[in-house]
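Me: I have a protein model open and I'd like to learn how to read it. Can you take me through it feature by feature?

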Amino acid sequence: MILYNTATHKREEFVPVEPGKVGMYTCGPTVYHYAHIGNLRTYIMEDILDRYLRYQGYEVKRVMNITDVGHLSSDGDTGEDKMLKGAKREKKTVMEIAKYYTDCFFADCDKLHIRRPDVIEPATACIDEFIKVISALIEKGFAYEAGGNIYFDTSKLEQYYIFNDFTSEDLAVGVREGVEEDGNKRNKADFVLWFTKSKFEDQELKWDSPWGVGYPGWHIECSCISMKHLGEYLDIHCGGIDNAFPHHTNEIAQSEAYLGHAWCKYWMHVLHLNTDSGKMSKSKGEFLTVSLLEEKGYDPVAYRFFCLQSHYRRSLVFSWENLDNAVVAYNKIVAKIAGWKKAEGESVDEAALAELRAKFVAGLDNDLNTSLAITAIHNVLKSTANTATTRAAIADFDTVLCLDLLQAADAYAAEEAKKAAAAANTVRVYSDDPEIRAIEEAIDARTAAKKAKNYAEADRIRAELLARGIVLTDTPNGTTFERK
Ligand code: AMP
Ligand code: ZN
């Protein structure tokens, strides 16, 4: 499988450290608000990677943190802790909102068929780990104390900037929102590992540490949680592109300084979901959620399909029109599958199935090109193989894509059958009023004449009724009448 590695800026063959096994780390949500559908684009694409690696037979261990402390309003080291900001907004404690929004996040993931990671670890559960690693960094000369905080000293590294092939716009995201100069830093790029002093003395969650009562920086949590569960060598680390700098850059700095060797082999970054007015962001306050999609009548799976139509390394523009187009495309696939004749008594043509699978695998092997995987679905729709085979192919692809295609097609076919049966069984209930009943019978006679293509008779009946002052109107639901 070829994957683009943002650390080397190259498409590379994916070869895990230990054959057959993959350690995968995913930056989890900051749980101070609902996840927006931009965040969820990242999690959907990471889910495809997770599921595809499993499909290819790898034993995957996937770890995700939950950021419930330390992520400041700016991704630099200034601003209020996002969790505290959320707690104040809702007049709740930090732990209350962390629990609420963590549950909401996983409920959204379930609706979007995003598989739960094997390990989910909140940052607040790993304080001892953070203290252990920060202490070691100080001991090794990679960190220093200044003004009550512990900073990582980036001047001690041979190379600090790793992901340097982004546009200035991408990098600007990392230093947004009016970062103020911190006079304690020896170098501009240094970052906080542990805070005991910040402008926001009302920080709700604080812990004892060798450097005083305080709380961890955001970056240290992902390094520590990854190393705790996945060891010293990580195969793949994922996140949205805004995480590349400074978050992932700092993760690499502190992990490699701590370990004394290279840490993570592959970095996968998902480009942003944007709207006409720019990047979708939680801090802007206005954003689209899965619940809003549902309120508007969309099945969350349609959003998953919308995301899969595009490659993860291209930014994607959301609009209702674009989503509607995805729904139409999805429904067309479903209707086509629903139209396949029943597979009774047939057996799967293994050679044909292997050929159909080869197209699907070639698409995803090509840097997880999900739009090629959707082309592989269309290839099945065009196939002349029997239904047992084409259904087997769709079921196989859907273990990765998780678009509920067969279930949706079976539900569609059942609905169509019900409608047809209802139409066939429609029994006219005539009026008790003899005069109205005569009109209804005349209408039925005209309908029968039209069906038999006896248009002269149909017109004669209409004219006869008109002569009696009765006007007919044909509608998609039958013929109605009114008196002139
Ligand atoms: P957060 O909850 O802010 O820590 O972000 C959770 C994940 O969503 C991270 O991997 C971010 O990089 C990613 N993310 C944030 N905004 C967007 C966006 N507009 N489109 C795609 N991914 C995003
Ligand atoms: Zn992270």
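Reply: Let's begin with two words: contact means heavy atoms within 4.5 Å, and helices (H or I, at least four residues) and strands (E, at least two) are DSSP runs, numbered from the N terminus. This is a predicted model, where local features need pLDDT of at least 70, side-chain atom pairs count only at pLDDT 80 or more, and totals for chains, interfaces and linings use all residues. Residues are numbered from 1 along each chain as its sequence is written, chains are lettered from A and ligands numbered from 1 in the order in which they are written, and side-chain values use heavy atoms, with hydrogens and water left out.

Me: What covers the buried residues of α4?

Reply: The cover includes β6, β7, β8 (191-195), β9 (215-216), α6 (218-230) and α7 (244-259). "Buried" means under 20% relative accessible area, "exposed" over 50%, and "partly exposed" in between (1.4 Å probe, protein chains only). In α4 the buried residues are I127, F130, I131, V133, I134, A136 and L137.

Me: How do strands β6 and β7 run, parallel or antiparallel?

Reply: Two strands pair if DSSP finds at least two bridges between them. Strand β6 (residues 143-146) and strand β7 (residues 149-152) are joined by four bridges and run antiparallel.

Me: Which strands pair in the parallel sense with six bridges?

Reply: Those are β3 and β4, where K21 has E59 in β4 as its bridge partner. Strand β4 is mostly covered, with six of its eight residues buried. Elsewhere, an open sheet has three strands in the order β13-β12-β14, with mixed pairing. Its edge strands, β13 (278-279) and β14 (316-317), each pair on one side only. Strand β12 (residues 273-275) pairs with β14 in the parallel sense over two bridges, and L273 stands opposite L316 in β14.

Me: What coordinates the zinc ion (ligand 2)?

Reply: Look for donors: N, O and S atoms within 2.8 Å of the metal (3.2 Å for Na, K and Ca); water is not among the atoms, so sites may look incomplete. Here the zinc ion (ligand 2) has C27 (SG), C222 (SG) and H247 (NE2) at 2.0 to 2.2 Å. Two of them link distant parts of the chain: C222 is in helix α6 and H247 in helix α7, 25 residues apart. C222 is buried, with a relative accessible area of 0%, and H247 also counts as buried at 0% relative accessibility. The donor spacing in sequence is C-x194-C-x24-H.

Me: How many aromatic pairs does the structure hold?

Reply: There are 25 aromatic pairs. Rings of Phe, Tyr and Trp (its six-membered ring) pair if their centres lie within 6.5 Å; planes under 30 degrees apart count as stacked, over 60 as edge-to-face and the rest as tilted. F14 and Y58 are edge-to-face, 6.0 Å centre to centre, with 85 degrees between the planes. F14 sits in the loop between β2 (10-13) and β3 (21-26) and Y58 in the loop between α1 (37-55) and β4 (59-66), so the pair ties together parts that are 44 residues apart in sequence. The rings of Y144 and Y151 have centres 5.6 Å apart and planes at 20 degrees, so that pair is stacked. Both Y144 and Y151 are buried.

Me: Which charged end sits over the ring of Y144?

Reply: The charged end of R186 does, 3.9 Å from the ring centre. The test is that NZ of Lys or CZ of Arg is within 6 Å of the ring centre and within 35 degrees of the ring normal. K92 does likewise over the ring of Y100, 5.7 Å from its centre.
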